[in-house]
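Biologist: Please show me the chain, and then let us discuss it by question and answer.

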Amino acid sequence: MHYTTFRYENKGFLESWLPTSYQLTPPRLSREVASFLRYMETTQMPVGAMAREIQAPIKVKYCLYARKSTESEEAQILSIDSQIKEMLQMAERDHLEIVEIKKESHSAKEAGQRPVFNEIVEEIKKKKFNGILTWAPDRISRNAGDLGRIVDLMDQGILHEIRTYGQKFTNSPNEKFLLMILGSQAKLENDNKVVNVKRGLRARCEMGLWPCTAPTGYLNSKNTDKRCHVEIDPHRAPTIKKMFEKVAYEKCSGRRLHAWLKDEMKFKTKGDKVFSISNIYITLRNTFYYGSFEYPKGGGQWYTGKHTPIITKELFDKVQEQMMEYTRNSEHKEFAFTKLMTCGLCGSGITADEKFKKQNNGNIHRYVYYGCCRYQDKDCKSGYMREENLIEQLAGLMDEIDLDEIGMKQRIKDEIERHKRFNVGILGLKEATVKVADVDIRNYAKHVLRGGTILEKRELLTCLKSKVVMNNKQIRIA
Ligand SMILES: [Zn+2]
């Protein structure tokens, strides 16, 4: 293994910055940074920098900082332990004094989100150490905030050196500048990665390709030249088509369809599972089957797929109408929030109603409205409000509403238990260590409000102690 020296007089500036051994994750330099370095190399070094090199060195006490960037897609990413091992070997070879080793598993994307990193900054201020030894410059700075804090500490003269595998940064203008460039490069790459992924997905959609797992009835092409190509699943597609036909022409309900698939057709998904009722509804509402899809879901951007449709748009529309008809006639309308509130004007109870609206793509959207039932005042003018609006406002109220904490804790405990059983039993993961105290009760309540089932919402509402009144599209605690 070769190691570079860090003296200007032996090598060109460029070489002194680059590690000669590349068998471990080398910090890749972008073309811009490399050309900057080349520029620096051909530029006269300031006398001050030379003089500093010759000066008697300050004794540097290092903190070894190891972090794994969780979002890294690079194949040769080193584990925290192997980073530590490599750096300890380097420290021994170069006689570096390490006073502490710190590990962090968080990604550094959001400033201030790394507790261990923050600890290091504090301890440098307390002069516990004055150097950082870390794998690569990007470990220190994935965002502008962290980078600024580090350079500040150098400016103040309390952080003398940052050493990485193959590079060294001290309190000199050029080295700090380089550190900032390398740090900014890491941030740029990080930002670009997100943009590129999004752009790549959009480009595929525009080509009519579906960038996700194919829905039941289709298969993702195994041919690597045809990434994102979706082919008809010859075993399942005929049954999917028959499902639509049974709803459209035989007015078959979801429950009957479920029984037919399970008992008569012995239908199984690609994962060899029975098709659940909710899967049936998802399938019947999926425009993909007639050749059109929205990506991302709810994003409002529609594409015409390149895949072969299983059904016609006419059949799809007929199914939507039939399902609307069925829901309209259904006795089991479920509204989660009626019992929670009273009218703010007249004190009557609150009732809910649903309306259906046909969208341009043929989907039918169900809207739920809440309003005064006008039992006390038949001319009450408190108005109606949409369920989405109500949920948002309720979530906002969660911070001030009176909750039955004991009841809530029990529910969260049950939820964690269920989650644990799923993780351990089904996914085969190691047992999670979430404790009830870790879960913010009010955040849990918001989570249930926005994403829970009707049953979960009802259970949650039994834990609310405050009375909520509604008037003119606003709710408040009584
Ligand atoms: Zn009223």
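Biologist: Which residues touch the most other members of the largest nonpolar core?

Modeller: This is a predicted model, in which local features need pLDDT of at least 70, side-chain atom pairs count only at pLDDT 80 or more, and totals for chains, interfaces and linings use all residues. Residues are numbered from 1 along each chain as its sequence is written. A nonpolar core is a set of buried Ala, Val, Leu, Ile, Met, Phe, Trp, Tyr and Cys residues joined through C-beta atoms within 7 Å. In the largest one, with 28 residues, those touching the most other members are C63, L64, I132 and I150.

Biologist: Which helices and strands each supply at least two residues of this core?

Modeller: Helices (H or I, at least four residues) and strands (E, at least two) are DSSP runs, numbered from the N terminus. At least two core residues come from each of β1 (61-67), α5 (115-125), β3 (131-134), α6 (144-155) and α7 (173-206).

Biologist: How many residues does the second, separate core hold?

Modeller: Among the members of that second core are C205, C252, L284 and V319. Its total is 24 residues.

Biologist: Which residue in β3 stands opposite C63?

Modeller: Two strands pair if DSSP finds at least two bridges between them. β1 and β3 meet this with 4 bridges, in the parallel sense. The residue of β3 opposite C63 is I132.

Biologist: Are the residues G131, I132, L133 and T134 of β3 buried or exposed?

Modeller: A residue is buried if 20 or more other C-beta atoms lie within 10 Å of its own, exposed if 12 or fewer, and partly exposed in between, with C-beta atoms placed from the backbone. G131 and L133 point one way from β3, while I132 and T134 point the other way. On both sides, all of them are buried.

Biologist: Why does T170 count as buried?

Modeller: T170 belongs to strand β5 (residues 167-170). T170 counts as buried because its C-beta neighbours inside 10 Å number 22.

Biologist: Which residues is T170 in contact with, leaving aside neighbours within four places in sequence?

Modeller: Two residues are in contact if their C-beta atoms, placed from the backbone, lie within 7 Å. With neighbours within four places in sequence left aside, the contacts of T170 are H160, E161 and E175.
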